[in-house]
Amino acid sequence: MRLVMLGPPGAGKGTQVEILCEKLSVPRISTGAIFRDAVRKQTELGKKAMLYIDKGNLVPDDITDLIVKEHLLDTDCKKGFILDGFPRTVPQAEILDEIMDEMNMSLDAVVEIDVHSEEIIKRLEKRRSCPKCGRIYHLIFNPPENDNLCDDCNVELIHRKDDKREVILNRIEVYHEKTEPLRGYYRKASILKEVDGEQPIEDVLNSIMKMLNID
Ligand code: AMP
């Protein structure tokens, strides 16, 4: 299955994509995770991307498109993939269509997880993540077993710079302005599936699986 997961920051895309990738045995391509890894390693890409990520702005399309293309060609994407965080603009969606055409493939579905802005702020302000494995926690709803340490790695959890309030507000604005138009784009292509992201994680997953006819 070839899927795109859409949704505002904090909608729970990463959580759902992780579970779905395991169920479907397909790779996950997360542009946010690729950028964060490059930032951690202080590569040229990381240094460039950091300038945008820390402010909650989008990394320019030319940089992002190239990375996605490389991953789609490199990773074992023949049997499918899930894109998490890409596309985020209409020009990126057009590029993705071109790449799919070149690979003689097409997208099966685009799942959009809907969450209101107030809920996003609540979620992201209390979100913590493991800098080593990327596991996500929420200080109230899904806290780590030991104070601020990753259950898996025992590494101190971090509050991502882009999960601070003023950056969150900008990320939400950017989402409305740049990413929401993708709804119309994929609705026109008749592949958009919308799911209520304010349900418990398990229910969001079940709704997605039902929409996609996954057992
Ligand atoms: P995420 O983890 O998906 O929320 O992404 C974190 C940050 O990485 C975003 O706020 C952007 O700065 C950058 N980013 C991720 N994906 C894209 C994309 N498709 N286009 C531009 N910037 C992106």
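Modeller: Five strands form an open parallel sheet, ordered β2-β3-β1-β4-β7. This is a predicted model, in which local features need pLDDT of at least 70, side-chain atom pairs count only at pLDDT 80 or more, and totals for chains, interfaces and linings use all residues. Residues are numbered from 1 along each chain as its sequence is written, and side-chain values use heavy atoms, without hydrogens and water.

Biologist: What makes β2 and β7 edge strands?

Modeller: β2 (28-30) and β7 (192-196) each pair on one side only. Strands are DSSP runs of E with at least two residues, helices runs of H or I with at least four, numbered from the N terminus.

Biologist: How do you know that β1 and β4 pair?

Modeller: Pairing requires that DSSP finds at least two bridges between two strands. Four bridges join β1 to β4 (residues 109-114), so the two strands count as paired. Met5 stands opposite Val111 in β4.

Biologist: Why is the set of 28 residues called a nonpolar core?

Modeller: The term applies because its members are buried Ala, Val, Leu, Ile, Met, Phe, Trp, Tyr and Cys residues joined through side-chain atoms within 4.5 Å. Buried means under 20% relative accessible area, with a 1.4 Å probe and protein chains only. Among the residues with the most contacts inside this largest core are Leu72, Leu83 and Tyr186. Elements giving two or more residues to this core include β1 (2-6), β3 (81-84) and α5 (90-102).

Biologist: Which residues does Leu83 contact, leaving aside neighbours within four places in sequence?

Modeller: With contact meaning heavy atoms within 4.5 Å, Leu83 touches Leu3, Val4, Met5, Ile29, Val68 and Leu96.

Notes:
Buried means under 20% relative accessible area, exposed over 50%, partly exposed in between (1.4 Å probe, protein chains only).
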